Amino acid sequence: MWKLGQSITRHCLPTIARRCFASEAADLLKKTALHDFHVQNGGKMVPFAGWSMPIQYKDSIMESTVNCRENGSLFDVSHMCGLSLKGKDCVPFLEKLVIADVAGLDPGTGTLTVFTNEKGGAIDDSVIAKVNDGHIYLVVNAGCRDKDLAHIEEHMKAYASKGGDVSWQIHDDRSLLALQGPVAATVLQHLTKGEDISKMYFGNFKVLDINGVSCFLTRTGYTGEDGFEISVPSEHAVDLAKAILERSEGKVRLTGLGARDSLRLEAGLCLYGNDMNEHITPVEAGLTWAIGKRRRAEGGFLGAEVILKQVEEGPKTRRVGIVSSGPPARSHSEIQEEKGLENIGEVTSGGFSPCLKKNIAMGYVKSGLHKAGTNVKILVRGKSYDGVVTKMPFVPTKYYRPSS
């Protein structure tokens with residue numbers, strides 16, 4: 001679920017620093033509970049969304065990306081904001097703000113959703129889990145934390161003033177670890193005594209003891225691989241990270257933001273601030289599937305009129321995947337029709353795929369030119385290169401689901 005700010009690779013990191021944090025002094029950066037642990041293990045720390053975060057460790061970004069898909073990765077994503085909505089009206093309240101059918105979720109299950117504004121644009125995307133009818137757990141992006149919390153609080157106060165029973169708890173006392181890759185479940189099972197996590201499927205949520213500490217566990221991630229996000233009390237975060245690495249016998253490696261970005265791009269997952277923003281609707285972003293059937297019939301969320309009209313009639317622009325020749329396309333690279341005579345869109349994320357060994361990108365193009373196999377031109381530093389619209393994900397996902 002993890003999608004913050006400008007796309008991060010070795011090539012664009014200086015741009016990020018200039019764009020977002022050039023004036024941000026290192027001593028003002030927030031540090032996660034694992035900060036010193038990262039440094040001790042060779043983490044190269046960079047400013048990101050107001051935090052000091054590792055972009056990579058001793059491995060190259062390419063090596064880390066490939067190892068996640070072949071073995072496993074452990075990410076510190078504690079900069080993201082976890083919170084709980086509680087009260088007997090927390091479900092109908094949240095449904096006023098997001099596109100998901102929250103009421104239709106079974107306890108212990110979750111989904112990706114989008115917070116929308118009055119015009120149907122995306123304020124943020126989030127993974128939510130229904131603990132029970134009176135408790136919803138959700139995680140929002142670090143770069144969107146302030147605006148998200150202000151948005152939720154404004155509507156929560158108005159809702160409560162009319163007699164609605166809803167409150168929140170922001171989990172700043174907890175850290176968030178993401179364990180991803182083929183060995184993730186095997187490693188984690190060793191640390192969860194008395195719990196069979198093979199019965200947890202993609203999107204499922206549980207509160208259970210991991211390494212002897214009560215944690216929130218969601219089977220989800222931002223890599224396209226099977227994996228988990230573990231919310232752990234911060235005082236136990238380092239011990240849990242050490243236990244995971246020790247149990248994996250070297251297969252799971254600490255992994256930074258650089259590989260995280262490569263992995264999510266290969267999986268065709270949106271990065272908020274690049275591939276989604278407040279002027280892009282969920283339908284344009286290819287997330288129509290996240291709008292529950294009941295929500296399509298009833299609406300009731302911010303921007304529903306705009307969004308549901310697009311569902312019925314189709315949007316004017318659509319998010320697509322592209323494979324291209326030449327140098328990798330980056331954010332804001334122009335997309336032209338195949339003869340180069342007309343601008344039809346713009347790249348929002350792009351880079352070289354460590355696993356596929358070719359250039360991949362995603363962006364928005366005019367409807368009608370969005371179908372797989374459509375030839376296009378990509379402008380990179382003023383020069384035109386061949387590209388072709390491609391189905392996503394670029395690398396097949398391996399989410400753990402029940403057998404059919």
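Before we look at anything, one definition: two strands pair if DSSP finds at least two bridges between them. Strands themselves are DSSP runs of E with at least two residues, helices are runs of H or I with at least four residues, and both are numbered from the N terminus.

Hello everyone, and a word on ground rules. This is a predicted model, where local features need pLDDT of at least 70, side-chain atom pairs count only at pLDDT 80 or more, and totals for chains, interfaces and linings use all residues. Residues are numbered from 1 along each chain as its sequence is written, and side-chain values use heavy atoms, with hydrogens and water left out.

Strand 16 (residues 334-337) and strand 17 run antiparallel, joined by 3 bridges. Isoleucine 335 faces glycine 345 of strand 17. The hairpin that these two strands make has 5 residues between the strands, and there glycine 340 has a positive phi near 75°. Now follow strand 17 onwards: it runs antiparallel to strand 18 (residues 358-366), with 8 bridges between them. Serine 353 has lysine 358 in strand 18 as its bridge partner. This hairpin has 4 residues between the strands, and lysine 357 takes a positive phi near 60°. How many of the residues of strand 17 are buried? The count is 8 of 11 for strand 17 (residues 343-353), which is mostly covered; buried here means under 20% relative accessible area, exposed means over 50%, and partly exposed is in between, with a 1.4 Å probe and protein chains only.

Strand 8 is my next stop. Why is strand 8 described as largely enclosed by the rest of the structure? Because 6 of the 6 residues of strand 8 (residues 135-140) are buried. His135, Tyr137 and Val139 point one way, Ile136, Leu138 and Val140 point the other way, and all are buried. Strand 8 has strand 5 (residues 81-86) as an antiparallel partner, through 6 bridges, and strand 7 as another antiparallel partner, through 5 bridges.

An open sheet is formed by 3 strands in the order 1-3-2, with mixed pairing. Its edge strands are strand 1 (30-31) and strand 2 (44-48), each pairing on one side only. Strand 1 runs parallel to strand 3 (residues 51-56), with 2 bridges joining them, and lysine 30 has tryptophan 51 as its bridge partner in strand 3.

In helix 3 (residues 61-70), the buried residues are Ile61, Ser64, Thr65, Asn67, Cys68 and Arg69. Their cover includes strand 3, strand 4 (72-76), strand 10 (174-180), strand 14 (252-254) and helix 8, where contact means heavy atoms within 4.5 Å.

On to the pocket. Rolling a probe the size of a water molecule over the atoms shows where empty space is left. A pocket here is an open set of points on a 1 Å grid over the protein atoms alone, where a 1.4 Å probe fits, with protein on both sides within 12 Å along at least five of seven lines, and lining residues have an atom within 4 Å of a point. The largest pocket is lined by 42 residues, and Leu112, Leu269, Gly286, Leu287 and Trp289 lie nearest its centre. Strand 6 (109-116), strand 7 (122-132), helix 10 (304-313) and strand 15 (317-324) each give at least two residues to that lining.

Finally, the database side. UniProt positions are in the numbering used here, feature names are shortened, and annotations may be inferred rather than shown by experiment. The unreviewed UniProt entry gives "domain: GCVT N-terminal" for residues 34-293. Over residues 34-293, the chain is 26% helix and 31% strand, and the end C-alpha atoms are 41 Å apart. The unreviewed entry also lists Glu229 under "binding site". Is glutamate 229 buried or exposed? Glutamate 229 is buried, at a relative accessible area of 3%, and it sits in strand 13 (residues 227-233).
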